[in-house]
Amino acid sequence: MRIIYIHIVAFLLFVFAIEAGAQMNKIGIPELEYFDRREYNGATQNWDISQAESGFIYFANNDGLLEFDGVNWSLLNDKNFGIIRSVKVLGKRIYIGSFNELGYYEYDSLQNLRYTSYAHYPELSEMGEFWDIYSWDNMVVFRSPKGLCLFKDDELVGVIRSSSRFISSYMVNGLLLVQDKKKGLMELRGQNVFPVSGGKKMINSEIVSMLPLAEDKIVIATMKNGLFIWDMQGIEKWNVDADSFLQQTNIFCGIKYLNDFLVFGTIQGGLVITSLSGDVVMQIDKDKGLKNNTVLSVSYDREGNIWGGLDNGIVRVNFNSSVTFLQGYYNVGTGYCAEKYNGYYYFGTNQGLYKIPEDVFFDPLKNRADFKKLNGSDGQVWALYAEEDVLLCGHNLGAFEIVGDRIRRLTTDGVNGVWNFKKVEGNPNLIISGTYNGLCLFEKIGRNWHYKSRIRGFDESSRFIEWDAQGNLWVSHGYKGVYRLRFSKDYTTVVQVQAFEKDDFPQNVSDLVLSKINGSCVFSGKDGVYVLPAEGHSFTRDSSYNAYFRDKHFPNYLKEDKFKNIWYFHDYSVGVLRYLEDGTYKKIDYPFISLERKLVSGFEYVFVLDKENALFGVEDGFAHYSSKVVKNYQKPFKVHIRSFKALSDSVVYAMNHFEEGREEQKIVPQFAFKNNSFEISYSASFMEGSEILYATYLQGLDDGYSKWSGTRVRSFSNLYEGVYTFEVKALNSYGVEAEPMKFSFEVLPPWYRTIYAKVGYLFFIILIMLVLFVVVNRRVELSKKKEKEKQLERFKAKEEQFKNAALLSEKEMIKMRNERLKSEMVFKEKELANSTINLIQKNELLSEIKAELKRLGRVHDFRDVDKKVSALIRKIDKAITNENNWEVFEMHFGQVHEEFLKKLIRLHPDLTQREQKLSAFIKMGMSSKEIASLMNITTRAVENNRYKLRQKLGIEQGENLSAYIGKI
């Protein structure tokens with residue numbers, strides 16, 4: 001009984017799990033991110049996928065091994081293996097299989113990936129292509145069609161040959177299973193393979209995937225024959241809804257996604273996802289956003305993203321997101337409103353009004369043809385309003401009533417642009433609608449609504465309208481402000497309009513949007529949420545709502561649903577304040593990150609289906625949110641230093657990405673001072689495609705971490721010598737911060753600042769000091785010696801100088817004496833000559849006088865004697881006064897007193913020749929008597945001439961004439 005009870009409980013739990021999985025069906029298509037060959041720089045086909053502990057994902061590509069770190073792609077093809085068919089990350093190694101090639105990549109001491117080949121064993125020379133790699137029984141197993149190759153501790157321990165051909169192999173529930181073409185399904189045990197129970201049933205079916213449902217139940221997927229179940233006893237057909245569909249699309253690969261779904265990659269139908277009960281949950285093919293219908297490999301990462309290796313490219317499916325999209329393929333246009341009515345879902349878009357049956361809407365295999373556009377609804381649909389027996393549509397052409405597949409216009413031609421429908425509180429038969437230019441009134445007659453009239457007294461655009469508790473209708477206008485309206489009793493006329501402008505709000509705000517929360521009108525804007533207190537005339541900030549919005553990121557628009565949850569929109573994103581039983585709210589925004597910048601700006605819209613599901617209007621369609629999708633948004637991720645290189649060096653360093661714990665760095669690279677400029681690149685292995693922010697810190701240079709930014713490269717230049725540690729941390733869109741990654745390096749000092757250089761400097765300085773000491777001493781001695789020699793030379797020079805001076809003086813004296821003697825001799829010669837001439841002349845004169853006297857003695861006539869005597873006397877006088885005598889005197893005087901006469905004439909140019917003679921005689925110190933004799937005048941005449949000379953020379957009374965002339 002106990003065993004039966006346990007089996008019943010297990011069965012119920014299994015069924016419950018299946019039902020839970022079924023309830024989590026997604027209405028739309030998850031967000032897809034496609035990578036083509038130009039982006040990852042490889043070939044088109046990708047055969048296998050494996051993720052490392054670091055978070056990096058590796059792809060077996062036709063051109064080599066692809067590595068994706070969350071941001072950057074790298075292709076490893078240095079060995080020219082050709083097509084890589086398989087890849088498996090085991091620990092720190094990346095094992096690969098290719099044609100006649102198998103081995104692994106691993107980081108070396110410089111943290112660069114290096115390849116080690118196993119293909120050198122002769123037994124492996126003709127094994128062909130290796131399609132699968134497993135870790136089994138402490139061994140690494142490679143599968144090729146010709147056999148299984150078993151390695152342990154890098155040694156080949158066995159080769160198990162296939163009897164015909166191993167078509168495929170799988171690791172399921174600890175079992176390593178292979179399909180032999182002739183023997184069917186077999187299991188590896190020890191060093192051989194053995195048939196399993198019921199395995200021969202798969203001889204004629206090509207198995208492409210084996211997935212566990214339970215410990216004793218395994219789903220077998222075949223390429224053409226669909227799905228089977230192996231319960232360890234036998235293999236039977238798995239007759240589920242997905243079977244027939246998968247047979248049509250031809251399965252090529254498959255995985256079990258967490259514990260919830262089965263994911264199949266097909267040849268013709270893209271990705272097909274089923275529940276554990278075999279119901280199709282989702283299908284994504286080329287029409288629905290996949291770039292290629294052939295999926296060659298499939299896997300999922302730690303964040304829950306499904307990765308598909310396509311026949312042409314790679315795709316990431318954000319399957320673990322709680323948001324899916326009805327966009328693109330469904331071609332309904334930009335979403336503005338939605339409503340559920342009479343078994344259908346209606347969607348208002350910029351293209352018109354679409355409807356789809358409720359059961360078809362939740363069918364994962366629905367197509368674009370299932371969305372029917374109602375005839376006559378072409379144009380912009382703004383609002384939908386549903387009651388039990390009526391559905392109204394607000395359109396840019398007016399208001400319409402929906403009746404089945406037809407629409408009936410309610411308004412006249414004068415009413416355009418109906419924004420909304422708002423029932424008049426207290427009067428269920430009246431509806432007021434806001435339009436492009438005022439308000440209009442509808443009245444219910446019987447079971448139908450009819451347009452009654454435009455409401456007079458207010459002509460502003462009225463997109464947002466709400467009733468307050470006092471029966472006033474509030475209207476918010478994005479540019480003009482807020483209005484409070486009061487109506488006449490029949491609501492056909494606005495009798496009072498009270499306008500509130502910017503000055504009525506404490507922050508002078510604009511662009512206010514009106515909402516009704518918990519029965520009260522609130523106004524939300526960029527500066528906060530405002531309310532008007534009862535009987536108040538000015539608005540105040542409502543702290544009960546503002547407290548939920550940090551960093552002043554206040555909502556642009558609020559909407560309360562029927563479950564009292566408050567949905568808010570701001571900065572192109574959305575969130576919800578989930579109402580709790582104690583009356584408080586829980587803020588939820590992480591599930592909606594995938595909606596950022598997809599909402600219709602300024603026309604954000606949410607339609608709540610039930611407590612777990614909501615629809616949003618987005619660009620090019622709608623988005624579905626399901627709160628049943630459970631996701632750990634605080635899951636840790638890793639940041640990596642991808643490269644570290646000196647800008648003038650070709651060596652690149654990177655940390656070992658496979659270390660689970662961040663161990664201490666084993667090698668601290670050293671760089672010469674001339675290579676002290678560096679570039680560091682980094683990335684985070686967060687695969688959801690949202691923006692990652694980074695902060696960096698260089699210990700030894702920075703004061704702290706930099707501000708968060710999306711930059712993934714940092715450069716440093718001209719670093720001083722020393723040991724530096726670079727740190728980088730990352731922040732994802734969910735607010736999770738990765739553990740910092742560190743890398744240390746050292747900049748060596750320049751050769752002239754090394755310790756050896758400093759020791760050399762010390763020895764050199766000591767040597768220089770010794771040399772200087774010796775040199776200085778020698779120079780002092782030499783200086784003293786030279787000084788003595790110089791002193792002696794100076795003494796000798798002085799002595800020689802004195803001798804030369806004496807000789808020169810003596811020579812000058814001799815020269816002067818000689819010149820004086822020569823002058824005296826010349827003077828004497830001239831004097832002698834003159835004397836001789838005078839003597840001759842006197843002798844001649846005397847001879848003449850003698851002759852005359854003789855003749856006179858012979859004259860007998862006394863009269864003739866007198867004449868002769870008179871003539872003789874005249875002749876003597878003439879001789880006495882002869883000018884030649886003066887000229888001779890002047891010549892001799894000039895030789896002795898040459899400068900005197902020149903200076904006298906220069907000072908007194910008006911002196912006569914007689915006065916010059918007198919001055920010369922005075923200069924010679926002659927007395928008046930001597931002068932009178934020489935001048936043949938009387939002494940008195942000399943005194944008179946001296947007196948006249950004093951006057952001409954300008955000599956004053958009392959001044960000596962001789963003294964004056966003597967100074968000249």
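Because the model is predicted, local features need pLDDT of at least 70 and side-chain atom pairs count only at pLDDT 80 or more, while totals for chains, interfaces and linings use all residues. Residues are numbered from 1 along each chain as its sequence is written, and side-chain values use heavy atoms, with hydrogens and water left out.

Start with an open sheet of four strands in the order E29-E56-E55-E54, with antiparallel pairing. Strands are DSSP runs of at least two residues, numbered from the N terminus, and two of them pair if DSSP finds at least two bridges between them. The edges are strand E29 (323-327) and E54, each of which pairs on one side only. From one strand to the next the twist averages 20°, with axes taken as lines fitted to C-alpha atoms and angles running from 0 to 180 degrees between N-to-C directions. Five bridges join E29 to strand E56 (residues 621-626) in the antiparallel sense. Within this pair, Val323 stands opposite Tyr625 in E56.

The largest nonpolar core has 47 residues, and among the members that touch the most others are Val263, Phe347, Phe361 and Phe371. Such a core is a set of buried Ala, Val, Leu, Ile, Met, Phe, Trp, Tyr and Cys residues joined through side-chain atoms within 4.5 Å. Buried means under 20% relative accessible area and exposed over 50%, with partly exposed in between (1.4 Å probe, protein chains only). Leaving aside neighbours within four places in sequence, Phe361 is in contact (heavy atoms within 4.5 Å) with residues including Ile27, Leu326, Phe371 and Leu615. Another core, of 33 residues, lies apart and includes Leu177 and Trp230.

Two non-glycine residues have positive phi: Tyr491, at about 60°, and Arg597, near 60°. Tyr491 is in the loop between strand E44 (481-487) and strand E45 (494-500), and counts as buried because its relative accessibility is 18%. Arg597 is in the loop between strand E53 (585-588) and strand E54 (606-608); at 61% relative accessibility, Arg597 counts as exposed.
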